[in-house]
Each structure stands twice: as structure tokens, then as C-alpha cells.
Amino acid sequence: MAKILVCDNVALMRMQIKDMLTKAGHQIIGEASNGSEVVEKYKELKPDLITLEIGMPEMDGYQTIQELKSVNPEVKVLVCSATRDQDVVIKSFMAGAKDFIVKPLKIDRLTQSIYNTLDKTLA
């Protein structure tokens, strides 16, 4: 399964995402609470995938994705956001996100999105 870095500015949401992903068999190798932190942890930990909230302090999700892409153009980012705003979704993909899912998260949708982001299919 995937090595994942979880980034959300809300500690409870990070805990919920980590719990779901762990139950699905993924390895959580780190977590971050803002964009600057996730970029530094990405460089250090080299995860297979990053889950990322768009609305964060210091550096928003769009800026974070662009910064991550400058470090590694092949970075795999899955946006997990509470917004359903179509402009936010489009802007996320334009920044370089591989997939976008809306909170509250459901385990089956999250699992499928992980596989989509990693360009795999469920067996």
C-alpha cells in the first residue's frame, strides 16, 4: 500500500484521515498542519501521496501544490476539502492536484481516490 503524508489545518480531520487510511492498509509517514510544513516534510519523507486541504494558513493549498510541483513535477496530491465550489475544484486541478474529494470523507471514496491518484485500479 501507499506511504502517505496527511496535511490539514484541523487536527481532528488529520486524525480521521489517518485512521481511515490506516484501516485501509496504508502507511501514514507524517502529518502537517500548513502548506509550508507539508513542503518541508515532503522533501524529508518522500511519500507516495499527499492528502491536502485547500484552505490553510501561511500558504494555501494552491500555492502548496505549486511549490510541491517545483520540488517534484510528479508529486501526487489528493485534495480533501469541505468546499463544493466548482471554481475551487478546477483551480485545484489546474495547480496540479491529481484528484479532489469533498468532506466529510467516506472510506470507500477515499480509498478509490487514493488508487486514482496513484494511477492504480482496485483489484
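In this predicted model, Leu-52 is buried, with a relative accessible area of 0%. The residue belongs to strand β3. Leaving out positions up to four places away in sequence, Leu-52 touches Cys-7, Val-38, Gly-61, Thr-64, Ile-65, Val-77, Leu-78, Val-79 and Cys-80. Asn-34 lies 18 residues from Leu-52 in sequence, and the two C-alpha atoms are 9.1 Å apart in space.

Leu-52 is also one of the residues with the most contacts inside the largest nonpolar core, together with Val-38, Ile-50, Ile-65, Leu-68, Val-77 and Val-79. This core has 22 residues. Two or more residues are contributed to the core by each of β1, α2, β3, α3, β4 (77-81) and α4 (86-95). A separate core of 15 residues includes Leu-21, Cys-80, Ile-101 and Leu-118. In soluble globular proteins, nonpolar side chains tend to be buried together. Ile-65, a member of the 22-residue core, is in contact with Leu-52, Val-77, Val-79, Ser-92, Ala-95, Gly-96 and Ala-97, when neighbours within four places in sequence are set aside.

Helix α2 spans residues 35-45, and its buried residues are Gly-35, Val-38, Val-39 and Tyr-42. These residues are on the same side of α2, because they cover an arc of only 100° around the axis. An α-helix has 3.6 residues a turn, so residues three or four places apart point the same way. The cover over the buried residues of α2 includes β1 (3-7), β2 (27-32), β3 (49-52) and α3 (61-71). At the N-terminal end, α2 is capped by Asn-34, with a side-chain oxygen 3.1 Å from the backbone nitrogen of Ser-36. Lys-46 follows the helix and is placed in the loop between α2 and β3.

Helix α4 has Val-88, Val-89, Ser-92 and Ala-95 as buried residues. Viewed down the axis of α4, these fall within an arc of 130° and therefore line one face of the helix. Gln-86, Asp-87 and Met-94 are exposed on the face turned away from the buried side of α4. The packing partners of the buried residues of α4 are α3, β4 and β5 (99-102). Asp-85 caps the N-terminal end of α4, where a side-chain oxygen lies 2.7 Å from the backbone nitrogen of Asp-87.

Most residues other than glycine have a negative phi, and most peptide bonds are trans. Lys-46, a residue other than glycine, has a positive phi near 50°. Lys-46 is exposed, with a relative accessible area of 53%. A positive value is also found for Glu-58, with phi near 75°. Glu-58 lies in the loop between β3 and α3 and counts as exposed at 66% relative accessibility. The peptide bond from Lys-103 to Pro-104 is cis, with omega near 5°. Pro-104 is located in the loop between β5 and α5 (107-117).

The charged end of Lys-91 sits over the ring of Tyr-62, at 4.4 Å from the ring centre.

Key: Residues are numbered from 1 along each chain as its sequence is written. This is a predicted model: local features need pLDDT of at least 70, side-chain atom pairs count only at pLDDT 80 or more; totals for chains, interfaces and linings use all residues. Side-chain values use heavy atoms; hydrogens and water are left out. Buried means under 20% relative accessible area, exposed over 50%, partly exposed in between (1.4 Å probe, protein chains only). Helices (H or I, at least four residues) and strands (E, at least two) are DSSP runs, numbered from the N terminus. The arc is that of the directions from the helix axis to the C-beta atoms. Contact means heavy atoms within 4.5 Å. A polar contact is a pair of N or O atoms within 3.5 Å; within protein, one must be able to donate a hydrogen and the other to accept it, and residues adjacent in sequence count only if both atoms are side-chain atoms. A charge sits over a ring if NZ of Lys or CZ of Arg is within 6 Å of the ring centre and within 35 degrees of the ring normal. A nonpolar core is a set of buried Ala, Val, Leu, Ile, Met, Phe, Trp, Tyr and Cys residues joined through side-chain atoms within 4.5 Å.
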